[in-house]
Amino acid sequence: KVRFRARRQEQFRALRSVESRSRDGQRVSLMMNAGLLVDLPQLSDSGAEGIGLFRTELQFMIASNMPKAEEQELFYRNVLKQAAGRVVTFRTLDIGGDKVVPYFRGHEEENPALGWRAIRLSLDRPGLLRTQLRAMLKAAAGAELKLMVPMVTEVSELRQVRELLQKE
């Protein structure tokens, strides 16, 4: 496995300078996924144009307590700083289901992957979502902020998120 992975990494390194285009000639942006600060040095090495998905819940999952607003802001600011002007799309908190946070109590469900998690959990606890949105807005300091809202099932959920975002 180690040799296979090393060989694969060499192939990827050789492709880093090749412009990404589809077979019909359309340019394609290649982005990486991340969720922790330790992922960010790979951004330059990978040749990715930015971070297409930054999983914000990992910060919550590794913490022993709910991260405070100031801690979140500092974290998101650090992510944007290390991205050095590249695009970063932050996904709002996606906890619940299989993503357990030790200091946050959920409730038993028949199918937790489809139930009370992600955006439904956040909208049921608007203070949690508003704190996260406020921290992201402050971290972006007036620059464009790209957000992804996880597990949306109805347009009304996006409307509610937009309303909370406008309040912040």
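The model is predicted, so local features need pLDDT of at least 70 and side-chain atom pairs pLDDT 80 or more, while totals for chains, interfaces and linings use all residues. Residues are numbered from 1 along each chain as its sequence is written, and side-chain values use heavy atoms, without hydrogens and water.

Two packed helices are described by the angle between their axes and the distance between the axes. Helices here are DSSP runs (H or I, at least four residues), numbered from the N terminus. Axes are lines fitted to C-alpha atoms over the stretch in contact, and angles run from 0 to 180 degrees between N-to-C directions.

Helix α4 spans residues 69–83 and helix α6 spans residues 126–140. They pack at about 45°, with axes 8 Å apart. The crossing is right-handed, a term for a near helix turned clockwise from the far one by less than a right angle. On the α4 side, the contact (heavy atoms within 4.5 Å) is made by Ala69, Gln72, Glu73, Tyr76, Arg77 and Leu80. Helix α6 contributes Thr131, Gln132, Ala135, Met136, Lys138, Ala139 and Ala140. By class, seven of these residues are nonpolar, three polar and three charged. Nonpolar means Ala, Val, Leu, Ile, Met, Phe, Trp, Tyr, Cys and Pro; charged means Asp, Glu, Lys and Arg; the others, Gly among them, are polar.

Helix α6 also packs against helix α7 (residues 155–167). The angle is about 55° and the axes lie 9 Å apart. These two helices are therefore oblique as well. Their crossing is right-handed. Pro126, Leu129, Arg130, Leu133 and Leu137 of α6 meet Val161, Leu164, Leu165 and Lys167 of α7. This contact has seven nonpolar, no polar and two charged residues.

The largest pocket holds about 570 Å³ of space. A pocket is an open set of points on a 1 Å grid where a 1.4 Å probe fits, with protein on both sides within 12 Å along at least five of seven lines; lining residues have an atom within 4 Å of a point. The lining has 18 residues, with Phe12, Arg16, Ser46, Gly47 and Ala48 nearest the centre. Helix α1 supplies the largest share, four residues. The lining divides into seven nonpolar, five polar and six charged residues.

Note on methods. Points joined across faces, edges and corners; volume = space filled by probe spheres on them. Parallel < 35°, antiparallel > 145°, perpendicular 65-115°, else oblique.
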